[in-house]
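Subject: Structure for you to look at

Hello,

Here is the structure I said I would pass on. Please open it beside this message; my notes follow.

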Amino acid sequence: LLAFSCRGEVAHSFAGSWQALPAELQGEIQGMPSHWASVGTGGAVSTANALATEAGIGILRAGGNAIDALLAAQWALAVVEPQSSGLGGGGFLLYYEAKTKKVFALDCREELPEAADENLFRDASGKPLPFPERIKGARAVGVLGTVALMEYAKKRFGSPKISFSETFFRAIELARNGIRVSPRLQQAMKLNRDRFL
């Protein structure tokens with residue numbers, strides 16, 4: 001996910017490198033043209049999904065800053081590609097503040113629960129569990145950090161023009177109305193079907 005501010009308009013079309021991708025990775029998977037792009041002034045948003053990019057652009061157009069756009073895009077990604085950008089993980093954020101010319105690095109990577117010990121991923125005899133066993137059930141779940149990261153980023157760097165709740169609007173709309181399941185999400189659900197059940 002990338003959100004940043006820029007000074008002027010840059011005309012760009014993804015026709016070319018974007019159209020060279022397999023059709024299932026192009027924008028039309030969500031009902032958008034394969035060379036979907038939005039051109040304007042004052043900022044840019046880029047994500048792995050056109051609907052999330054659109055959410056971020058909408059926030060910029062409403063007067064939000066790069067952090068506000070980042071939040072809107074992240075919440076939308078949690079809906080459209082939960083296998084990769086869900087709320088149950090963690091993340092890092094690099095933020096350049098133009099007025100102070102400072103770079104901030106935020107670390108909210110998910111962590112092991114405090115009560116866990118070194119035997120969490122070992123069997124009764126002390127041998128490491130096979131990988132498929134390690135990722136089953138609650139032992140593979142960390143304390144998430146994504147939501148805390150987004151909340152902190154909004155409080156510390158977000159624009160007062162956009163409320164925290166406004167950054168959720170597009171994601172809520174997508175969740176209510178439904179999305180087309182991408183081939184990648186379909187594959188992830190198929191591969192994890194037994195674990196889900």
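**Notes on the model**

V143 is partly exposed, because its relative accessible area is 48% (buried means under 20%, exposed over 50%, partly exposed in between, with a 1.4 Å probe and protein chains only). This is a predicted model, in which local features need pLDDT of at least 70, side-chain atom pairs count only at pLDDT 80 or more, and totals for chains, interfaces and linings use all residues. Residues are numbered from 1 along each chain as its sequence is written, and side-chain values use heavy atoms, with hydrogens and water left out.

V143 sits in the loop between α4 (131-134) and α5; helices are DSSP runs of H or I with at least four residues, strands are runs of E with at least two, and both are numbered from the N terminus. Leaving aside neighbours within four places in sequence, V143 is in contact (heavy atoms within 4.5 Å) with E110, E111 and P113.

The largest nonpolar core has 13 residues, and I67 and L93 have the most contacts inside it. Such a core is a set of buried Ala, Val, Leu, Ile, Met, Phe, Trp, Tyr and Cys residues joined through side-chain atoms within 4.5 Å. Two or more residues each come from α2, β3 (91-97), β4 (102-108) and α5 (146-157). Not counting residues up to four places away in sequence, L93 touches I67, L70, F104, A105, L106, L149 and A153. Another core, of ten residues, lies apart from the largest one and has A52, A55, A72 and L174 among them.

Regards
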